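I opened my notebook to look up how this chain is put together.

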Amino acid sequence: MNSTRNTLKKFIYSYTTGLTNLVFPENCISCDTELAQKEVYICNFCQGTLKKTYFESFKEPSSLDKLFWGRVLLSHTFALFYFNSNSPAQRILHNLKYQHKAKLGVYFGEKIGQAIHSAYAFKEIEALIPVPLHHKKAFVRGYNQSELIAKGISNELGIPVLKNAVTKIHHTDSQTKKSKMERWENVNRIFKGESLKKFNHIALVDDVITTGSTLESLALEIQKENPHLKISIIALAFAKS
Ligand SMILES: [Zn+2]
């Protein structure tokens, strides 16, 4: 009897939540506990432990603004939360990069969009440029996580994502063993910009900012070809050193 009831319960449960579960995983991507009905990807507890930056309401330059000082001129910078190892932030990024949880990128992109939607500083941004992945990596993973985040931001702000504005034009060796200068030169040579003339202000979108060197080189490269263009930077997470 009991088992029949359980089966029935399970059936009703799967019938009513089945549609949602096709789209969203039912366990928290951070702590793996089962999600409550209104929780999406991450449980409320883990969500609460995410260290939001609140950069959207900063009046003074943020630590992320300062990271780029003296390197590249940017209009505005934003990251939704701080990245710490062994935290929900790390598990979100890991899931996004390696677990094929593609929709997670769009979901958190929308969270970014909601955070900056009413912030005056971001109102003049006309288009979003995801930081490109090397084609091989994109092929293995099946998607570019920065592009998914940009898609989510685009859903909220109603501005286009320019997928082909910059492309990496050739593969480079692992950059970890090179000096900072070599790395900079190396990255600097692999981007090619096109058709941004009609824009006044664009934002580069990335998943996580650590040293900022990729974004720096990309922004410099774009500025070289489009000196009129204002560039902002938007990321999901910022690993503050
Ligand atoms: Zn959790």
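**The sheet**

Four strands form an open sheet in the order β1-β6-β5-β2, and their pairing is parallel. I noted the edges next: β1 and β2 (127-130) each pair on one side only. From one strand to the next, the twist averages 20°. I reminded myself that this is a predicted model.

**Strand by strand**

How many bridges join β5 and β6? I found eight between strand β5 (residues 201-209) and β6, in the parallel sense. Within this part I looked up Val 208, which stands opposite Ala 237 in β6.

Then I turned to β1 (residues 77-82). I found five bridges pairing β1 with strand β6 (residues 230-238), again in the parallel sense. Phe 78 stands opposite Ile 234 in β6. Is β1 mostly covered or mostly open? I found it mostly covered, with five of its six residues buried.

Helix α7 (residues 145-157) lies across β2, β5 and β6. I noted that α7 runs at about 125° to β5.

**Helix α4**

Which residues of helix α4 (residues 88-98) are buried? I listed Pro 88, Ala 89, Ile 92, Leu 93 and Leu 96. Seen down the axis of α4, these buried residues fall within an arc of 140°, so they line one face of the helix. I also looked up what covers them. The cover includes α2 (44-49) and the helices α5 and α7. It also includes the strands β1, β5 and β6.

**Helix α9**

I tested the length of helix α9 (residues 213-225). At 1.5 Å a residue, its 13 residues should span 18 Å. The C-alpha atoms at its ends are 19 Å apart, which agrees. The buried residues I noted in α9 are Leu 215, Ser 217, Leu 218, Ala 219 and Ile 222.

**Whole chain**

I ended with the totals. The protein chain has nine helices and six strands. Of its 241 residues, 33% are buried.

Conventions:
Residues numbered from 1 in each chain as written. Predicted model: local features only at pLDDT ≥ 70, side-chain atom pairs only at ≥ 80, totals over all residues. Helix = DSSP H or I, 4+ residues; strand = E, 2+ residues; numbered from the N terminus. Expected span 1.5 Å × (residues − 1). Buried ≥ 20, exposed ≤ 12 C-beta atoms within 10 Å, placed from the backbone. Pairing = 2+ DSSP bridges. Axes fitted to C-alpha atoms, helices over the stretch in contact; angles between N-to-C directions. Contact = placed C-beta atoms within 7 Å. Arc of directions from axis to C-beta.
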